[in-house]
Amino acid sequence: MAPFLAAASAEHLKLAHEAGADALLRRGGWIKAFRSARGEDMANREAEELKPYGIAPKFLDRAALIALEPNLSEKAIGGAHYADPLSTPDPEALAQSYAALFVNRGGRFETGDALSLEPAGAGWMVTTESGRLAASDVVIALGPWSNELARRFGLRLPFFVKRGYHMHYEAKGNAGLTRPVLDLERGYLVTPMTRGLRLTTGAEFARRDDPPSSAQLDRVEPFARELFPIGARKEPKPWLGRRPCLPDMRPVIGPFPGKPGLWLDFGHHHLGLTLGPVSGRLLAQLMTGEAPLVDPAPFRAERFGR
Ligand SMILES: Cc1cc2nc3c(=O)[nH]c(=O)nc-3n(C[C@H](O)[C@H](O)[C@H](O)COP(=O)(O)OP(=O)(O)OC[C@H]3O[C@@H](n4cnc5c(N)ncnc54)[C@H](O)[C@@H]3O)c2cc1C
């Protein structure tokens with residue numbers, strides 16, 4: 001994953017620039033804040049693991065932390081600042097800007113049930129609201145729903161989802177944050193967003209379509225109130241999302257085994273927004289026979305057997 005991830009920011013910056021959305025990519029990195037010496041040890045250990053990949057956070061004491069994020073309470077005694085990653089205050093607006101760029105360049109959106117996909121002659125056919133659509137090449141990119149369609153054509157993958165929740169909060173007395181901050185010892189993240197301060201929970205292991213549970217948010221919200229300047233909840237219930245996963249935490253990108261013209265691009269787990277553009281580039285390169293930007297072998301569906 002390392003070379004693939006290393007290319008992700010540059011792809012976003014290029015695409016956002018072309019889409020007129022530079023302002024939706026925020027610099028300043030993110031911070032893993034800790035509350036105790038034990039937390040500092042954890043942050044140190046994680047930093048050690050990342051060293052071989054050329055990633056080195058800057059360690060901040062309380063004064064340096066507060067210089068960057070003055071509204072963190074005294075419970076945060078320091079942090080590890082990863083300065084390079086980008087973040088966005090509005091992933092929906094970012095995705096919409098990319099979609100508009102696609103249309104400006106001659107792309108077209110059609111709506112329909114992807115499960116209507118079927119082989120037709122030498123290619124493929126899908127039913128949309130404006131009729132049947134034929135194509136020589138088709139990509140299955142349905143995130144957490146991809147497995148259903150892949151199985152229809154005989155591909156069985158050890159596919160699962162990690163669910164997660166988020167909630168937006170009023171900022172207390174307009175005190176805000178300027179970048180995402182992780183409460184390392186409690187396992188949730190708070191990010192300044194267009195819609196308010198967003199608390200994002202960790203991974204919930206549940207079936208994709210199980211009813212939502214309030215347990216994750218209820219558990220971490222009191223911790224968040226200790227550390228962050230969050231006020232009232234802004235929505236009646238949390239958003240529930242599903243991260244599409246494979247057990248080796250690598251997406252499947254490449255040809256569908258034994259089905260010419262059918263392609264796969266899903267399973268981006270915690271990093272689908274980050275990896276969207278670079279993943280699209282790799283798949284396009286494989287489809288058109290261009291030299292791929294990274295070795296595609298680790299992403300092939302065949303790694304799980306057939
Ligand atoms: C709480 C949480 C926090 C996250 N934070 C981050 C983060 O900070 N950074 C990051 O990079 N990633 C993050 N992710 C992960 C990211 O959201 C996913 O990896 C990403 O959404 C996957 O993108 P996708 O396009 O593959 O799937 P999706 O975005 O899920 O899109 C799949 C689409 O397929 C459509 N669809 C499904 N079935 C059909 C059908 N039969 N016919 C037609 N359409 C269909 C769905 O409606 C949907 O629009 C987070 C996820 C969660 C849950």
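I count two strands as paired if DSSP finds at least two bridges between them. Helices (H or I, at least four residues) and strands (E, at least two) are DSSP runs, numbered from the N terminus.

**Ground rules.** I am working on a predicted model, where local features need pLDDT of at least 70 and side-chain atom pairs count only at pLDDT 80 or more, while totals for chains, interfaces and linings use all residues. I number residues from 1 along each chain as its sequence is written, and side-chain values use heavy atoms, with hydrogens and water left out.

For angles, I use axes that are lines fitted to C-alpha atoms, for helices over the stretch in contact; angles run from 0 to 180 degrees between N-to-C directions. Next I looked up strand 14 and strand 15 (residues 262–266), which pair in the antiparallel sense over four bridges. Pro255 has Trp263 in strand 15 as its bridge partner. By contact I mean heavy atoms within 4.5 Å.

**Helix 2 on helix 8.** I then followed helix 8 (residues 272–288) to helix 2, and found the two packing at an angle of about 85°, with their axes 8 Å apart. That makes helix 2 roughly perpendicular to helix 8. My cut-offs: angles under 35 degrees are roughly parallel, over 145 roughly antiparallel, 65 to 115 roughly perpendicular and the rest oblique. From helix 2, Ala8, Glu11, His12, Lys14 and Leu15 meet Leu273, Thr274, Leu275, Pro277, Val278 and Arg281 of helix 8. I sorted the residues of this contact into six nonpolar, two polar and three charged. Here Ala, Val, Leu, Ile, Met, Phe, Trp, Tyr, Cys and Pro count as nonpolar, Asp, Glu, Lys and Arg as charged, and the others, Gly among them, as polar.

**Helix 2 on helix 5.** What about helix 2 (residues 8–18) and helix 5 (residues 91–104), and at what angle do their axes cross? I get roughly 65°, with the axes coming within 9 Å. Helix 2 and helix 5 are therefore roughly perpendicular to each other. Helix 2 contributes His12, Leu15, Ala16 and Glu18 to the contact, and helix 5 contributes Leu94, Tyr98 and Leu101. I sorted these residues into five nonpolar, one polar and one charged.

**Sheet 4-5-6.** I also checked the open sheet of three strands in the order 4-5-6, where the pairing is antiparallel. Strand 4 (118–120) and strand 6 (131–135) are at the edges with a single partner strand each, so one side of each has no neighbour in the sheet. Neighbouring strands here are turned by 40° against each other on average, direction ignored. Three bridges join strand 4 to strand 5 (residues 123–128), and Glu118 has Met125 in strand 5 as its bridge partner.
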